[in-house]
Amino acid sequence: MNLVVVSGSARPQRQSHQVALEVGKRLEEKGHTVHLLDVRDLNFPLLERVYDPAAPLSGKMQEVSAAIAQSDGLVIVSPEHNGSYSGALKNTMDYFYKEYFRKPFGIVAVSAGMLGGINAAKSLQHYALTLNGIVLPNALLTPKVQTLFQDGQLIDAGYGTRLDKFLTDFLWLAQAIQATNV
Ligand SMILES: Cc1cc2nc3c(=O)[nH]c(=O)nc-3n(C[C@H](O)[C@H](O)[C@H](O)COP(=O)(O)O)c2cc1C
């Protein structure tokens, strides 16, 4: 399948990007094609008008629109910032709308604290529903992200197991939806 992974923190010192890279790596190892959309790298301006294919603001936006529209599903990896998902993530994703129609969404929240980003995960699930996505009920929470990686390598086997279980569930949903598309 063609899958989009969104990395949702624009901070230079961001920790959640390592999780987004790990998600992408594991999906590729399972034989899927992954398009990483990195909100820091995309660096969209504050939204003044939504993406219009007749008058695109940039080639980069055109690419993102096509990547989402042609995907079989999206995994959104967001940091928890003040009890919600990041503003940079929402500013990036709000440029698009019809591209998300009936896409399966998997939600991964990342935090430095013990609660794993539960507030970000719940509000992001709600947001994905508003985008007409079909949202996997079980989000993956990521507590204490600063303890999970060393030199870019995941060192917490327990988190790896939970990540694989989440991806299995997400791929089940994406395949079920793909099978119903006629
Ligand atoms: C502006 C800001 C607000 C934050 N608010 C929360 C929060 O509400 N709950 C929490 O667990 N962690 C919070 N954190 C810590 C982040 O979860 C932590 O930085 C983690 O690494 C994920 O964000 P990052 O990818 O931007 O690094 C906050 C961090 C920043 C920069």
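Reply: What follows looks at helix α6 and then at the chain around it. This is a predicted model, in which local features need pLDDT of at least 70 and side-chain atom pairs count only at pLDDT 80 or more, while totals for chains, interfaces and linings use all residues. Residues are numbered from 1 along each chain as its sequence is written.

Helix α6 covers residues 157-180, which makes 24 residues. Helices (H or I, at least four residues) and strands (E, at least two) are DSSP runs, numbered from the N terminus. From its first C-alpha to its last, α6 reaches 35 Å, close to the 34 Å expected at 1.5 Å a residue; the expected span is 1.5 Å times one less than the number of residues.

The buried residues of α6 are Y159, L163, F166, L167, F170, L171 and A174. A residue is buried if 20 or more other C-beta atoms lie within 10 Å of its own, exposed if 12 or fewer, and partly exposed in between, with C-beta atoms placed from the backbone. An α-helix has 3.6 residues a turn, so residues three or four places apart point the same way. The buried residues of α6 pack against α1, β3 (74-79), β4 (104-110), β6 (140-142) and β8 (153-154). Contact here is counted when two C-beta atoms, placed from the backbone, lie within 7 Å.

L171 counts as buried because 20 other C-beta atoms lie within 10 Å. L171 and G106 are 65 residues apart in sequence, yet their C-alpha atoms are 9.2 Å apart in space.

P12 gives a contrast. P12 sits in the loop between β1 (2-7) and α1 (16-29), and P12 is exposed because 6 other C-beta atoms lie within 10 Å. P12 and V34 are 22 residues apart in sequence and 23 Å apart in space, C-alpha to C-alpha.

Now the whole chain. The protein chain has 6 helices and 8 strands, and along the sequence they follow the pattern β-α-β-α-α-β-α-β-α-β-β-β-β-α. The radius of gyration of the protein chain is 15 Å, close to the 16 Å that the globule rule gives for 182 residues, so the chain is as compact as a globular protein of that length. That radius is taken over C-alpha atoms, and the globule rule is 2.2 Å times the number of residues to the power 0.38. Of the 182 residues, 41% count as buried. Among contacts between residues at least 6 apart in sequence, 79% join residues at least 24 apart.
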